[in-house]
Amino acid sequence: MFDFSDVTTPLHAFLSRLLGESLAVVTECVLVAVALISIYAVFAMIMIYAERKVCAAFQCRIGPDRVGKWGWLQVISDVLKMMTKEVINLRQTDRFLHRIAPFLVVTASMTTFACLPWNKGAQIIDFNVGVFFFLAVGSVGVVGILLAGWSSNNKYSLIGAMRSGAQIISYELSIGMVMLTMICLTGTMSFSEICQQQADLGWNIFRGHIIALPAFIIYLIAGNAECNRGPFDLPESESELTAGYHTEYSGMDFGYYYLAEYLNIVVCAGIAATIFLGGWAPFVVPGLDGFNEVMSMIPGFVWFVGKTFFVIGLLLWQRWTFPRLRIDQILTLEWKYLIPISMTLLIGMALLVSFGLTF
Amino acid sequence: MEENEKSICPETPQPQPVQEEKKETAPTDKSTSQPTAAPTPKPAAPRPTPPPASPAKNEIKPEVVTPEELHERLAHLKAEGYSLLENLTGTDWGEEGMGVVYSLTNPETFDMTHVKVIAADKETPYLDSVTDLWDIANFYEREVYDFYGIIFLNHPDLRRLFLREDWVGHPFRKNGYEESNNPEIAETDEPISDLAVKYTLTPDGKLHKEETPLFAEEDYVINLGPQHPSTHGVLHFRTRLEGEIITKIDPHLGYIHRGIEKISEELTYPQTLALTDRMDYLGAMQNRHALCMCIEQALGVEVSDRVQVIRTIMDELQRIDSHLLFFSCLCQDLGATTSFLYGFRDREKVLDIFEETCGGRLILNYNMIGGLAYDIHPNFQRRVKEFIPMMRKNLKEYDDIFTGNVIFQNRSKGVGILSKEQVISFGCTGGTGRASGWHNDLRKHRPYAAYDRVEFKEVVRTEGDSFARYMIRLDEIRESLHIIEQLIDNIPEGKIAEKMKPVLKLPVGSYYSAVEGSRGILGVHIESKGDKMPYRLHYRATGLPLVAVMDTACTGYMIADLIAIGGTIDYVVPDIDR
Amino acid sequence: MAIKKNPIIDNIPHEEFQDNETLEKLVEELNQNGVGVVVGALDKLIDWGRSNSLWPLTFATSCCGIEFMAVAAARYDMARFGFEITRNSPRQADVILVNGTITTKMAPVLKRLYNQMADPKYVVAIGGCAISGGPFTKSYHVVKGVDKIIPVDVYVPGCPPRPEAFLYGMMQLQRKVRVENFFGTVNRKEQDPYKEKMDEQYVELLKQQEEA
């Protein structure tokens, strides 16, 4: 199995020799930041393109196909346009908060993006309380959304932001609960250890079997709601609130919301892949040594990205199938169904673990 | 072969090979139209009874009452069972003064009676309001006030309905209206008043105006529209919210008011036809059918059987087209974008059929006074026959992807419930009325064209909620397919257009005809003074009652429900504003 | 030097378009003073981006709106050109397709929508009504052409135009966008139409707050 620390450790040693310890760390930080932002941008483009093509396929259409071959330059032209578009400053709004809100959203999504374990040894943020950190940073985004709604001085925005606040904060509960269930199984909150464990013992979704599978489904539902994606796209439900909390944003400020929306899906899917589907761990079947050998040849980040896109596919599928829920139905679903179920799952998992019924 | 000898039952259509049906040119003489190539006699729907050419069977002879006894008389008629105010036409009769024709209908038997009243005062005419008898009178009277300046006493909210509140004058008045008083392009934003105006008569016979606020100072009012994706056009709802709950809706109309009725007064009868398609563009065939039928009946022209059958088929295709768009837009409004595209995919097939015969996709211009513009295309029957099974199959697909969806069911069941009394009082015809258990299909109750000789079910449900309204439309597509199936092989031979005089002049009188449009009863009221142009042409818009009922239907539900209710009530804004 | 030649878009060859003269004249005018090499190249890149990403505002008043929906639907699929992201908020839209009749009452609303859009913004007048009032020119309540209210870039005649005409009109708009100069002319700051009025209101508001 390819270990990314084989690359980073010599690099660190080399830089330390060249620049001294502290300067080396600064240089590495810059390098990592550049790498992170570029991967972020690349993933955003892939996501936007994928969504447009996938939804076209669902809808008996072709989708973008004129800009570049198969329309693959479409997103680039969108980005160019967005960057050169005017950013409108509104009168009688809180300008500082209005401008800062999209940055908060995009920062939150970027930081959570940095938590993803791409490969063995290739993880930017890795704490022993990684899961906890992820949840904490992820909820900064909702502040941005609330600020956007409040500072826009627009009634639609305000309603959208209020919905968003109610929705995201509620669904964070069941996400936390489901993660707790899985932490109960793994016994660690560090993403890298969770992955390592799954590489050694098998994917969590198989290890936790009857508890992990419903937990996975609940995570997908709640994660989808966290990303404000259909059928939970109430905060920006275009047929009711024109564009919800970002109604008044134009140009690149709007672009940040757009970007963050798509990246949040990647993050949501990536965490699902990490916690339930083994992260970068290859698919192995005990006993089939030849098969396992071949599987292990495939590098970890391929596994990780592959699993992430599998989950993204699931999310896109249901995004383009279901109609939108109503706000009271969303809250009912969360408080009356998902939270009780996930609490039960937590207890069930505790029982499984304590009786040694996991694999 | 004489027409009345063809007596093959229409319920059992016999499929005919396509190449045998040579109907590209309409034969002028029926006796020579024996199809020589056909081995079997062509099955044709029998004409029930050849009606005598009685002139103007749709002429109405309204009972004239004085303004003083108007309210009492109407209340009496309502108590007698005429509890539907189907139409209300304001007219400026010039010398006689301004007045109103009330068209009342019995919602069970569909008998009609008409009451005419002329206001005494010619400068500031006033009449008693009947808003206490019928809810829909509220909007109808506001419309008349807007057009003619007739003041309705005790009307709770007598503002203008269509024109800007700072509009000068009343454009439908025959004299005294100066067009130059109003700018073509308004420079300023419209001053939207928050005051409801009520006029009462003081004991000494003077008008007293009182103003009450529509919304309180601390109310949270949001404007849905005029530019809003879910109002299906430029409609403006001022919505008062309590959290997410709607407590009041004040519809604001007129953003697409083009004054079609006023323009028509300066056009000859054949010219007026051009504007009908643009009113309710999803019922282009039916609108035009209504106007043609009204003029033909007024002239005493009897169109051929072939025309009747083709008109019926076209009306039903149009209904399918409209209901498919209804389905698509509802899905779009509820966030199910994929179903939206499925609906449009199938709608294109209907448009293909239209395009081949009529040349247009949306604005069809097919019906003419006395017949049709052109004969059907040779491919018409084949394509329709291909379309029917395909549509049946795809309806199942809709059920799979949307109707059965638990989210949709939760969002539509028990939402926006309208009782039967409410829909009758508001005059909500069409699917909206039928969803509340009111049998109001004019195709059954006042049959016209070829509807009396086809077998179909009047789809009625009793729940009155959004889901019922949705299901009605889908079931009506099935019924329409069934109707077309019966007729498509039985299109009789005949003239496609009667020979009409070059200049048409309707006899003096008032005429009213109605058809079942895609969204309800579409009526045409013509006042003629014997000219080649209508003195007054009024359409009973299907959409106006549907918008009027929105306040009642939405109060107590959420903003998201407003979208679902508006979507299922299915109004088309240019039809409301005309 | 003028590096701008005729705008080329991928879909139809330049020669097959109608009315190339207007565009050629426009190019000539724009290039009167020559174009710098670097600036010209950057302009081209930005114009390429903008022309391929024209997001329409969901705006429809009557019949043409239904045909617009048909253009967005499966058979005509304007997503092929990258136009499918219709924005409901004017702030985020690039082009306003005036689908249908504009009445006297609607005119201020349309104007405000146009003002709310962020630069660069384009206007396409769809259908006879938007171009000249169409069949309703005689009406007392119809604006005879939206170009009296807002500047129009492309006119698409028809009543309503066929979806193919929509796409053709959008391609014409693309060509027009392709010859723009980003550096210098297009992103000029327009005079704020509401400035005086709003400032007055704002001052009053401040006064009221002070008093309170």
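Colleague: Where in chain B does Lys499(B) lie?

Modeller: In this predicted model, Lys499(B) is found in the loop between α13 (466-488) and β15 (509-517) of chain B.

Colleague: What makes Lys499(B) count as exposed?

Modeller: The test is the number of other C-beta atoms within 10 Å, and a residue with 12 or fewer is exposed. Lys499(B) has 9 C-beta neighbours inside 10 Å, so it counts as exposed.

Colleague: How many residues separate Lys499(B) from Arg536(B) in sequence, and what is the C-alpha to C-alpha distance?

Modeller: Lys499(B) and Arg536(B) are 37 residues apart in sequence, and their C-alpha atoms are 25 Å apart in space.

Colleague: Let us turn to chain A. Why is chain A called as compact as a globular protein of its length?

Modeller: The globule rule gives 21 Å for 359 residues, and the radius of gyration of chain A is 21 Å; the two values are close, so chain A is as compact as a globular protein of that length. Its C-alpha trace spans about 65 × 55 × 45 Å along the principal axes. As for secondary structure, chain A has 15 helices and zero strands.

Colleague: What share of chain A is buried, and what share of its contacts joins residues at least 24 apart?

Modeller: Buried residues account for 51% of the 359 residues in chain A, where buried requires 20 or more other C-beta atoms within 10 Å. Of the contacts in chain A between residues at least 6 apart in sequence, 77% join residues at least 24 apart.

Colleague: Which residues touch the most other members of the largest nonpolar core?

Modeller: Among the 312 residues of that core, they are Ala272(A), Ile150(B), Ile96(C), Val98(C), Val124(C) and Ala125(C). Helix α12 (residues 251-275) of chain A contributes the largest share, 17 residues. Leaving aside residues up to four places away in sequence, Ala272(A) touches Tyr219(A), Leu220(A), Gly223(A), Leu277(A) and Val311(A).

Colleague: How many residues of chain B are in contact with chain A, and how do they divide by class?

Modeller: On this side, 24 residues of chain B contact 22 residues of chain A. α6 (305-333), α7 (337-358), α9 (406-412) and α16 (559-569) of chain B each supply at least two of the chain B residues. The chain B side comprises twelve nonpolar, eight polar and four charged residues.

Colleague: Which element gives the most to the side of chain B that touches chain C?

Modeller: Here 36 residues of chain B contact 37 residues of chain C. α7(B) gives the most to the chain B side, with four residues. By class, that side has 18 nonpolar, six polar and twelve charged residues.

Notes. Residues are numbered from 1 along each chain as its sequence is written. Chains are lettered from A and ligands numbered from 1 in the order in which they are written. This is a predicted model: local features need pLDDT of at least 70, side-chain atom pairs count only at pLDDT 80 or more; totals for chains, interfaces and linings use all residues. A nonpolar core is a set of buried Ala, Val, Leu, Ile, Met, Phe, Trp, Tyr and Cys residues joined through C-beta atoms within 7 Å. Two residues are in contact if their C-beta atoms, placed from the backbone, lie within 7 Å. Ala, Val, Leu, Ile, Met, Phe, Trp, Tyr, Cys and Pro count as nonpolar, Asp, Glu, Lys and Arg as charged, and the others, Gly among them, as polar. The radius of gyration is taken over C-alpha atoms; the globule rule is 2.2 Å times the number of residues to the power 0.38.
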